[in-house]
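Open your viewer and get ready to click along. At each stop you will select a few residues and see what surrounds them.

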Amino acid sequence: MIKDNYGQLKKEIGDAVTLIAVTKYHSIDETLEAYDAGVRHFGENRVEGFLEKREALPEDAEVHFIGTLQSRKVKDIAGHLNYLHSLDRESVAKKIEQYSENAVKCFVQVNVSGEASKHGLSPEEVPGFLEAMESYSKVTVIGLMTMAPHTEDESEISAVFERLAALRDSLRTGNHGNIQVEELSMGMSNDYGIAIRHGASYVRIGSKLMGSR
Ligand SMILES: *Cc1c(COP(=O)(O)O)cnc(C)c1O
């Protein structure tokens with residue numbers, strides 16, 4: 001089942017876009033089933049689930065933390081973290097600097113839609129935040145992440161992804177050192193097609209790959 005889903009998704013998405021399997025609602029067995037099908041990138045949004053899946057997965061699997069991370073919990077996962085998709089506070093960068101041995105690839109989370117319920121910086125706050133990140137050698141900013149609003153309105157979703165891509169375009173001219181704003185983490189089960197049309201390079205897919213919970 002997961003194998004069929006993965007084959008279908010790979011065919012659609014191609015090799016240029018990295019597919020992250022979001023396993024937050026699924027068991028270790030199902031996560032390993034995805035690994036056996038060929039998935040090598042895994043996403044979790046809670047510390048416990050992250051550590052549990054990391055432990056179970058072979059070493060060549062890369063693990064992404066995609067949820068809000070409290071700064072006091074950074075030390076629990078810092079040694080295992082390949083990618084962080086939710087960087088939006090300097091306190092988290094400070095803890096990464098303190099506890100991580102290797103540089104962590106980070107996406108700055110941007111709240112493009114401006115919904116109060118969503119985490120992330122406003123687009124206007126991002127340039128100043130990137131400047132602050134220059135002091136953290138263990139933080140490698142590789143791009144921007146956003147979540148689209150829950151809506152059936154494709155044009156509204158499109159507009160959000162388009163704005164993130166435009167923000168990336170405006171910021172990449174300033175790339176230097178540990179600040180490399182190139183990648184776009186956007187798109188989930190319901191909107192990855194739209195996200196890819198707007199230049200997503202990482203998509204985070206849960207239910208469409210792993211099955212609904
Ligand atoms: C759960 C989650 C996803 C995957 O959601 P699906 O709709 O199941 O694909 C992607 N990104 C984040 C940040 C999530 O929390």
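Start by selecting Thr23, which sits in the loop between strand E1 (18–22) and helix H2 (28–37). Helices (H or I, at least four residues) and strands (E, at least two) are DSSP runs, numbered from the N terminus. Before going on, note that this is a predicted model, where local features need pLDDT of at least 70, side-chain atom pairs count only at pLDDT 80 or more, and totals for chains, interfaces and linings use all residues. Residues are numbered from 1 along each chain as its sequence is written, and side-chain values use heavy atoms, with hydrogens and water left out.

**Stop 1: around Thr23**

Is Thr23 buried or exposed? Thr23 is buried, because its relative accessible area is 0%; buried means under 20% relative accessible area, exposed over 50%, and partly exposed in between (1.4 Å probe, protein chains only). Now show the side chain of Glu44: a polar contact of 2.7 Å links it to the side chain of Thr23. A polar contact is a pair of N or O atoms within 3.5 Å; within protein, one must be able to donate a hydrogen and the other to accept it, and residues adjacent in sequence count only if both atoms are side-chain atoms.

Next, pick Phe42. Thr23 and Phe42 are 19 residues apart in sequence, yet their C-alpha atoms are 6.9 Å apart in space. Neighbours within four places in sequence aside, Thr23 is in contact (heavy atoms within 4.5 Å) with residues including Thr31, Lys53 and Met210.

**Stop 2: an enclosed space**

Rolling a probe the size of a water molecule over the atoms shows where empty space is left. On a 1 Å grid over the protein atoms alone, a cavity is a set of points where a 1.4 Å probe fits but cannot get out, and lining residues have an atom within 4 Å of a point. Select Thr23, Phe42, Gly43, Glu44, Phe50, Lys53, Arg54, Val63 and His64 together, and you have the lining of the largest cavity. Strand E2 (41–44), helix H3 (47–56) and strand E3 (62–65) each give two or more residues to this lining. About 30 Å³ of space lies inside the largest cavity, where a volume is the space filled by probe spheres set on the points, and grid points are joined across faces, edges and corners.

**Stop 3: Val47**

Stay with helix H3 and select Val47, which is found there. Val47 counts as buried because its relative accessibility is 9%.

**Stop 4: Asp88**

Move to the loop between strand E4 (83–87) and helix H5 (90–99), where Asp88 lies. Asp88 is buried, with a relative accessible area of 13%. Its side chain and that of Arg89 are joined by a polar contact of 3.2 Å. Beyond its sequence neighbours within four places, Asp88 is in contact with Gln109, His119, Gly120, Leu121 and Phe129.

Notes
On a 1 Å grid over the protein atoms alone, a cavity is a set of points where a 1.4 Å probe fits but cannot get out, and a pocket is an open set with protein on both sides within 12 Å along at least five of seven lines; lining residues have an atom within 4 Å of a point.
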